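The following report describes a single chain and its ligand, beginning with the shell that surrounds that ligand.

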Amino acid sequence: MSIQTTGFPATSRILHWLMAVLILAMLFIGVGMAASNTGQYSTLVSIHKPLGIAILILAALRLVNRLINPPPPLPADLPGIQRFAAHASHLALYAFMFALPLVGWSMLSAAGYPIVLFGPLQLPPILPKSPSVYASLRELHTVLAYLLFATVLLHFAAALFHGLIRRDGVLESMTSVRVGK
Ligand code: HEM
Ligand code: HEM
């Protein structure tokens with residue numbers, strides 16, 4: 001089994017782990033919000049909106065960083081199907097990182113709600129007001145959030161498979177500090 005000697009650059013690792021924490025927090029805040037009929041709802045929403053927009057900005061920075069600092073190659077002996085699964089799941093994760101905040105922003109625009117970030121700072125609506133569009137996007141937001149959660153779980157399982165079973169250096173490429181070459 002070939003050992004991967006190069007890891008992800010520091011900027012990629014910082015963005016990966018910062019965003020992993022933020023996205024997991026958003027999934028739980030979102031579910032808490034949707035399930036809450038108490039006074040906690042408005043507190044959770046006031047965290048969910050700016051954090052979601054921060055994820056959108058970080059996703060754009062991450063994409064630019066990926067073009068400047070490309071990821072290390074996968075191990076040469078990785079079977080084609082696993083290589084395909086790795087690329088497809090990373091593509092899906094990027095798509096979710098953009099789609100969820102954009103659908104959140106669009107659905108609130110369609111509902112005619114203000115998209116408050118901090119205090120007086122608000123985002124402009126990106127869609128005209130329409131209750132039916134709001135209803136469809138609200139449903140889409142939930143479906144995308146659960147698909148993201150499922151993809152993250154598969155991604156986590158794949159990371160453990162690389163780290164504990166294949167022991168091919170892929171897990172370390174994102175987790176350990178690179179020493180030497
Ligand atoms: C990565 C970004 C995001 C994630 C992972 C996420 C996740 C979630 C989840 C899991 C729910 C609960 C769904 C349900 O159980 O029905 C939810 C609801 C919601 N999200 Fe997001 N979201 C994100 C971004 C945004 C953004 C940027 C906005 C708005 C600017 C937003 C606005 C909302 C609203 C208004 C709800 C519905 C709350 C209600 O039930 O009234 N989300 N989100
Ligand atoms: C919300 C959570 C997460 C998201 C959205 C996410 C997303 C991504 C993405 C898009 C990549 C491709 C590299 C890039 O362009 O940055 C990646 C790589 C990687 N992630 Fe995650 N990740 C998450 C959580 C985790 C967790 C919990 C682990 C656990 C150990 C992990 C381990 C790795 C590893 C080892 C790689 C390198 C894989 C390779 O080179 O193919 N990630 N992640």
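## The ligand shell

The residues of the shell around ligand 1 divide into 15 nonpolar, six polar and one charged, where Ala, Val, Leu, Ile, Met, Phe, Trp, Tyr, Cys and Pro count as nonpolar, Asp, Glu, Lys and Arg as charged, and the others, Gly among them, as polar. This is a predicted model, in which local features need pLDDT of at least 70 and side-chain atom pairs count only at pLDDT 80 or more, while totals for chains, interfaces and linings use all residues. Residues are numbered from 1 along each chain as its sequence is written, and chains are lettered from A and ligands numbered from 1 in the order in which they are written.

Ligand 1 is surrounded by 22 residues, the closest being Gly-30, Ala-34, Gly-52, Gly-104 and Ala-145; a residue is near a molecule if its C-beta atom, placed from the backbone, lies within 6 Å of it. At least two residues of this shell come from each of helix H1 (10–35), helix H2 (40–68), helix H3 (80–111) and H4, with H1 supplying the largest share, seven residues.

## Fold

The chain comprises five helices and two strands, arranged along the sequence as α-α-α-β-β-α-α; helices (H or I, at least four residues) and strands (E, at least two) are DSSP runs, numbered from the N terminus. Of the 181 residues, 18% are buried, meaning that 20 or more other C-beta atoms lie within 10 Å of a residue's own, whereas 12 or fewer make a residue exposed and the range in between partly exposed, with C-beta atoms placed from the backbone.

Leaving aside neighbours within four places in sequence, Leu-100 is in contact with His-141, Leu-144, Ala-145 and Leu-148, contact requiring C-beta atoms, placed from the backbone, within 7 Å.

## Helices H1 and H4

The buried residues of H1 are Ser-12, Leu-15, Ile-23, Met-26 and Gly-30, and their cover includes H2 and H4.

Thr-142 lies in helix H4 (residues 131–166) and is partly exposed because 14 other C-beta atoms lie within 10 Å. Thr-142 and Leu-100 are 42 residues apart in sequence and 9.0 Å apart in space, C-alpha to C-alpha.

Terms used. Two residues are in contact if their C-beta atoms, placed from the backbone, lie within 7 Å.
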